[in-house]
Amino acid sequence: MSGLLQLAAQQTHGWWRSRAFRHAKLNQYRSSILANDRHQPLDFLSTAVDIDDTYVQTQYVVDGVRRDLYSGVRDASRAVVLGAAGAGKSIFFRYWVVRWARRPQDFHRLPVVVDLHLYRSRPELGSIEQLVLDKLARRDCRETLAALEHALQSGRLSLLLDGLDEVVDSHRDPLIAELRGFAQRYPTTQIVVTCRDAVYDGRLQPVFENQMHISGFDDAGMRRFLGQWFRFRRHDGRQVQPSTDESIRGNIRERVEQVMAELHASPALYQLARTPLLLTMMAYLQVDDPGAGPLLTNSRADFYKLAIEHMLRRDVTMGRTGGIARFRAAHKSVALQRIALAAQKVTASGARAIDEHEVIEQIAAVLERLKMADSPRAMLDEIVERSELLARIDEQNLLYQFPHMTLQEYLAARALADAPAELLARYRENRGRWRETLKLWCGAIDRDCGDVVQSVFSGTPDHPATYQDRLLALECIPEAQEIRDEVVNTIVGYFHGLGVTNDGTIDDLRIAALGAIAADPRPWGVDTYRYLTATAWDGTPLERVAAMQALAATRQPRAIELLRSLAHDTAVEADARAALRSVGEQAIPHLLARAVEGHEQDVHDLAQIGTAGAAYALGEIVWTDGPAAPVAAWHLARMFRDRSIEDELRRTPPPKGTTPGLPWAWEPFAEASAEEFSALAGRISYLLAEEHVEPVTGEEAIDPRLGLAAVIARGPARRALTYDKMDDGSRQQVLDSISATVFRRGRLFRQRKRLSSLLDAAIDSATTDLIAEDLQTLLRLCRLDPIDRHLIRAFGHLHGAMVLLVLYVRRRTHATIKDWRTVLDRPEEPRLLRRIYMSIGLGAASAALATGIVRWTGELFGWWPWGPSWLAFATLFVLALGISGILVFMRRLELQIERLFDDNSVDSETGRREFLRWTGCLLSPMLALGVTLLVYAAASLADVVGWTASLGVIAGLCAANLLLRHVYLSRKRKFDNPLRDLLHEMRRSS
């Protein structure tokens with residue numbers, strides 16, 4: 001027996017140890033993520049804010065339409081995310097894990113971000129499993145290799161592998177081979193890899209079947225990013241909480257408009273601003289160093305130069321006194337260049353970090369050359385603590401790293417400004433690591449870089465030029481400050497002959513480079529523009545698409561006009577429209593002109609642009625009488641969820657003429673709104689309620705405020721008709737469907753929810769998936785008008801189910817315009833009034849029943865006779881019948897409940913009829929008994945005051961009680977406004 005118990009104990013202990021992440025460790029992991037990953041720099045260097053406050057949705061393009069990257073990657077088993085330097089790949093992963101840490105119940109897997117640049121940087125980090133364990137340990141979740149393997153086998157993890165491009169070449173090949181084997185070894189584990197698009201060569205395919213390119217910011221993304229950035233940034237560089245003051249919001253709008261106007265005025269500058277890093281630098285320089293001004297340069301290298309110079313001299317800029325900065329900015333700049341060059345050189349480990357000994361050594365060399373006797377440690381501390389251009393990254397402060405890889409690459413390029421031969425040698429030794437540095441070098445030097453670019457393009461006998469080398473040479477042309485015409489003509493001519501596609505595919509890097517060159521007013525730019533124009537008209541179908549994308553990248557008015565003309569060509573209409581949308585706000589006037597004429601596709605294109613300016617244009621279309629108006633209304637109903645767009649629409653001009661709308665639709669929210677804005681919201685809700693259009697595509701649900709107003713406008717009678725159309729079986733099936741859904745999910749998660757309460761069920765995130773599956777079934781059972789069906793779907797699965805069941809299926813719910821007008825009111829529940837009328841009613845009824853029982857007993861036994869003797873014996877018979885009925889009814893109810901919960905196949909309609917039959921059998925004798933006892937009570941009262949007064953007292957008590965009940969129900973109806981809870985839960989669960 002003892003041996004058996006020991007074996008059981010060992011097996012239990014082994015099972016417990018084999019679980020990958022127990023509850024306590026998960027809490028530690030969550031806390032560590034929120035402590036270490038929740039904040040990101042507000043500037044590109046310093047002040048940190050919550051990532052949710054400044055994160056802008058990362059997007060990728062599918063068939064010309066921008067999609068949320070997180071939604072696309074979330075359910076992919078294998079994916080490679082590609083993007084340019086500073087495109088936001090690492091921030092995207094951080095946002096993913098922070099989102100998990102805040103609501104882990106919404107995820108099926110545990111996400112772990114793994115830094116691939118650490119691969120083989122130390123002997124103990126020689127495999128992917130060891131990298132994962134190392135990251136977990138650094139997030140306070142130490143686990144054994146066996147536990148990790150168990151978690152990987154069971155598919156409990158999402159591995160987010162960041163920075164394949166940062167792995168040294170000698171280690172990248174074995175890492176790629178290991179990744180392919182790792183993915184096949186753990187087929188149920190999600191694996192997502194990020195890499196710079198210029199470095200990735202596709203060797204992870206076909207194991208990693210999904211490949212997604214991060215799209216640069218469009219106008220909408222830029223506006224959201226700048227708006228959020230300015231909300232948390234003041235001119236003095238300190239962090240502040242966002243304000244709701246309208247004057248401050250107006251100032252933010254002015255700043256955003258100023259930056260956007262400058263970007264639209266310069267296509268080259270706009271292209272630079274499409275990455276979060278460079279857009280942050282532009283906003284940062286405008287706030288902290290307005291004299292630098294974004295329009296001083298169209299060069300990426302010059303932006304880094306301006307920003308670094310500002311950080312090195314910001315003690316003076318920000319008014320700091322007292323001799324805080326001991327070292328001159330120029331001297332610190334030279335030291336940083338040497339440190340960056342040392343970090344950029346490939347070491348045995350290939351890691352980005354540089355140890356403290358090397359940093360001190362580089363600073364000492366600079367001080368020695370400058371004949372300065374200061375301590376290298378003092379300069380290092382000043383760079384780290386005052387300039388914040390270098391950061392300590394480990395607990396012992398023995399390793400240092402630049403805040404962003406591109407800063408290191410730029411400073412390394414500056415360090416090699418006078419050493420082009422060394423730069424070329426290092427590039428050929430490790431193309432992936434030095435590719436970006438070489439491009440920045442072309443923009444950082446103030447002399448001709450033609451020889452270096454030509455050497456990259458042509459190659460050498462020992463290092464023949466590859467396609468990637470020639471593509472790099474093409475990308476260097478728009479980066480260069482100065483380059484000889486003959487070099488440019490050779491490279492551009494080569495690519496003109498090669499075509500705009502690469503072996504039958506569209507190369508995004510080539511397209512971007514050709515677009516940047518075509519925007520250049522110099523001769524080669526003019527020739528490239530002509531070449532792209534000719535290809536867009538007369539090339540093969542794929543070449544035409546590529547040429548249109550390159551023309552859109554120029555962002556020039558003539559290119560927009562050309563794309564607008566191409567949009568009439570049915571062969572390339574969809575691709576031409578996608579290219580036109582990518583231009584952003586500059587295409588709005590062209591699209592608006594056609595949309596007002598009734599062309600619905602132009603309305604869809606405006607909505608795809610998605611900026612406040614596009615919403616403003618849609619607001620103008622809404623007031624028209626053509627077929628485009630309802631389409632614009634549906635798009636605006638979705639865009640209303642964005643606060644920045646709502647703020648912009650508040651400034652819309654008043655409607656011209658008389659156009660039907662719902663003047664009450666925005667009344668609950670009109671306290672701070674202009675009359676014109678309320679009219680616009682009412683017009684949108686009216687069109688949602690009255691106009692049937694084809695379903696508008698889009699991932700976003702409509703704003704619940706506009707949608708609910710439209711549902712109310714459909715009218716209680718029309719919604720009640722939905723209830724009346726349904727036969728008893730369908731109606732019960734709808735109600736049983738949601739009840740069964742909640743019961744199954746409630747039993748699974750041990751949630752104590754009332755099955756009869758829709759809101760308790762629907763607002764629970766755990767029921768979302770099942771309700772989403774059931775919504776289509778519910779809509780099929782309900783014989784809805786097409787407008788109502790479209791409206792409900794537009795709320796989204798969860799909210800649509802709530803609206804359907806609360807406002808359509810439940811007959812006792814009568815939501816009216818009056819309820820909508822008071823949807824934001826918070827009246828107190830009339831509990832005192834309820835107690836009063838209940839006390840009067842129950843007291844009078846109890847007294848009457850007690851008196852009736854006493855008088856009936858007196859009649860039965862002869863000591864207080866009244867009326868015929870048979871009535872007393874009949875009452876006794878009814879009482880016995882009622883008691884028997886109660887006992888039988890309780891037993892039948894118990895059996896019915898057991899059948900409901902234990903047998904999913906029970907016929908709910910048959911059970912309902914049986915329940916009603918037994919209820920009727922019970923109520924009939926009880927009602928007869930009650931009437932008889934009230935007659936005895938009235939007779940007893942009549943013996944004292946007479947029949948006239950007795951009946952008068954009874955009538956008065958009944959009337960008073962009914963009046964109090966009416967008042968109570970009226971106030972209770974205001975308190976129980978169904979729209980109030982519905983709107984509140986929609987907002988809370990969004």
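1. Is leucine 399 buried, partly exposed or exposed? At 32% relative accessibility, leucine 399 counts as partly exposed, where buried means under 20% relative accessible area, exposed over 50%, and partly exposed in between (1.4 Å probe, protein chains only). Leucine 399 lies in strand E12. Its C-alpha is 8.9 Å from that of histidine 357, a residue 42 positions away in sequence.

2. The basis of this note is a predicted model, in which local features need pLDDT of at least 70 and side-chain atom pairs count only at pLDDT 80 or more, while totals for chains, interfaces and linings use all residues. Residues are numbered from 1 along each chain as its sequence is written, and side-chain values use heavy atoms, with hydrogens and water left out.

3. The chain holds 47 helices and 12 strands; helices (H or I, at least four residues) and strands (E, at least two) are DSSP runs, numbered from the N terminus. Of its 990 residues, 52% count as buried. Among contacts with a separation of 6 or more, 72% join residues 24 or more positions apart, a contact being heavy atoms within 4.5 Å.

4. Strand E12 belongs to an open sheet of 3 strands, in the order E10-E12-E11 and with antiparallel pairing. Strands E10 (354-355) and E11 (391-392) stand at the edges with a single partner strand each, so one side of each is left without a neighbour in the sheet. Two strands are taken to pair if DSSP finds at least two bridges between them; E10 and E12 (residues 399-401) pair in the antiparallel sense over 2 bridges. Aspartate 355 has leucine 399 of E12 as its bridge partner.

5. Histidine 331 is placed in helix H15 (residues 329-344). This residue counts as buried because its relative accessibility is 17%. Leaving aside residues up to four places away in sequence, histidine 331 touches Val366, Leu370, Met372 and Met379.

6. Helix H15 packs against helix H17 (residues 376-387) at an angle of about 100°, with the axes 11 Å apart. Axes are lines fitted to C-alpha atoms, for helices over the stretch in contact, and angles run from 0 to 180 degrees between N-to-C directions. H15 is therefore roughly perpendicular to H17, a class that covers 65 to 115 degrees (under 35 is roughly parallel, over 145 roughly antiparallel, and the rest oblique). His331, Lys332, Ala335 and Leu336 of H15 meet Met379, Glu382, Ile383 and Ser387 of H17. These residues divide into 4 nonpolar, 2 polar and 2 charged, with Ala, Val, Leu, Ile, Met, Phe, Trp, Tyr, Cys and Pro counted as nonpolar, Asp, Glu, Lys and Arg as charged, and the others, Gly among them, as polar.

7. The axes of helices H6 (residues 128-138) and H7 (residues 145-153) come within 11 Å and cross at roughly 105°, which means that H6 is roughly perpendicular to H7. Glu129, Val132 and Leu133 of H6 make the contact with Leu145, Leu148 and Leu152 of H7. The contact comprises 5 nonpolar residues, no polar ones and 1 charged.

8. The largest nonpolar core has 189 residues, and those with the most contacts inside it are Leu263, Leu438, Ile684 and Leu807. Such a core is a set of buried Ala, Val, Leu, Ile, Met, Phe, Trp, Tyr and Cys residues joined through side-chain atoms within 4.5 Å. Helix H32 (residues 628-639) gives the most to this core, with 9 residues. A second, separate core of 63 residues includes Cys141, Val193, Leu204 and Val207.
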